[in-house]
Amino acid sequence: MINYTNEEIFSVRFKNLSKSFGEAKILYDLNFGIHRGKITTILGFSGAGKTTLMKLILGLILPTEGEVIVLDTVINKIGELELREFRRNFGMVFQYAALFDFLTSFENVAFPLREFTKMSEEEIKEKVLSLLDSTGISIEAAYRLPSELSGGMRKRVGLARGLALDPHIMLYDEPTSGLDPITTHVVYDLMRDTHRRNEHRGFTSIIISHDIHATLKYSDYIVFMEKGRVVEHLDVESFKKSENPVIRRFLEL
Ligand SMILES: Nc1ncnc2c1ncn2[C@@H]1O[C@H](COP(=O)(O)OP(=O)(O)OP(=O)(O)O)[C@@H](O)[C@H]1O
Ligand SMILES: [Mg+2]
């Protein structure tokens with residue numbers, strides 16, 4: 001059992017968090033934390049409320065009840081301007097990479113730097129090329145459009161863009177959906193390498209996934225959600241041994 005009273009070890013905490021959309025209750029009184037400096041995967045069947053939870057972490061939607069606390073800021077209590085600034089703490093990689101189609105890889109990664117920093121053109125170039133290099137994008141591919149890249153390469157560019165502002169927390173929503181099994185592992189390796197390179201500064205990775213095999217291989221902690229509730233939150237070794245029937249069923253898929 002994870003002890004939630006030692007608050008310093010979490011970079012995200014949920015307190016009595018509920019979320020409804022109209023009459024439909026989606027999340028039920030969640031109380032847990034996501035470990036700082038670790039890779040946590042949120043697992044669960046479709047419709048469990050995983051993406052909704054991610055949107056709450058980012059402050060894109062407001063809870064119906066309770067609090068979302070990110071790095072000691074109650075994210076649902078701050079104003080729009082402060083929130084915009086606060087989001088620099090996050091890097092996001094969405095399903096299907098969500099790159100700007102009309103911008104090259106280079107310009108996609110440069111975008112947050114142009115938007116949020118006062119870096120010179122020279123500094124931007126150096127930073128972007130180093131980010132693209134660290135995610136395995138060649139100089140030649142840096143000047144291509146997303147439509148000229150493979151799915152796996154688009155993910156790499158998406159990851160480089162997510163890392164541009166040196167975030168404290170990386171959020172990945174289904175980062176490997178639509179990829180073949182080999183590319184899936186390449187993307188997971190990349191997420192893990194990225195995590196390891198940044199973990200000295202308390203970097204936290206939160207991955208939403210359906211992919212049970214990759215999850216067991218790459219995560220430190222697993223949060224298993226079902227129908228808006230957390231069924232189990234364990235370190236990966238304990239999770240593998242869970243006797244909860246819902247989880248056993250998931251593990252045997
Ligand atoms: N803006 C919204 N308005 C109304 N209902 C919503 C809204 N967003 C999500 N829902 C509902 O909330 C439930 C949980 O959705 P959510 O997208 O969080 O699930 P998920 O666990 O991410 O599923 P998946 O694995 O399919 O992505 C679903 O029943 C969905 O229809
Ligand atoms: Mg989802």
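**Figure 1. Residue classes in the shell around ligand 1.** The shell residues split into 4 nonpolar, 6 polar and 1 charged. This is a predicted model.

Figure 2. Phe21, Ala24 and Ile26 belong to the shell. Two elements give two or more residues each: strand E2 (24-35) and helix H1 (50-57). H1 gives the most, with 3 residues.

**Figure 3. The open sheet of 6 strands.** The strand order is E6-E7-E8-E3-E9-E10. Pairing within this sheet is mixed. Strand E6 (90-93) and strand E10 (229-235) form the edges. Each of these edge strands pairs on one side only. On average, neighbouring strands are turned by 15° against each other, direction ignored.

**Figure 4. The pairing of E6 with E7.** Strand E7 covers residues 169-173. E6 and E7 run in the parallel sense and pair over 4 bridges. One residue pair can be picked out in this view: valine 93 has tyrosine 172, in E7, as its bridge partner. E6 is also an edge strand of the sheet.

**Figure 5. Helix H6 across E6 and E7.** Helix H6 spans residues 151-163. H6 lies across both E6 and E7. The helix runs at about 165° to E6.

Terms used: Residues numbered from 1 in each chain as written. Chains lettered and ligands numbered in written order. Predicted model: local features only at pLDDT ≥ 70, side-chain atom pairs only at ≥ 80, totals over all residues. Near = placed C-beta within 6 Å. Nonpolar A, V, L, I, M, F, W, Y, C, P; charged D, E, K, R; others polar. Pairing = 2+ DSSP bridges. Axes fitted to C-alpha atoms, helices over the stretch in contact; angles between N-to-C directions. Contact = placed C-beta atoms within 7 Å.
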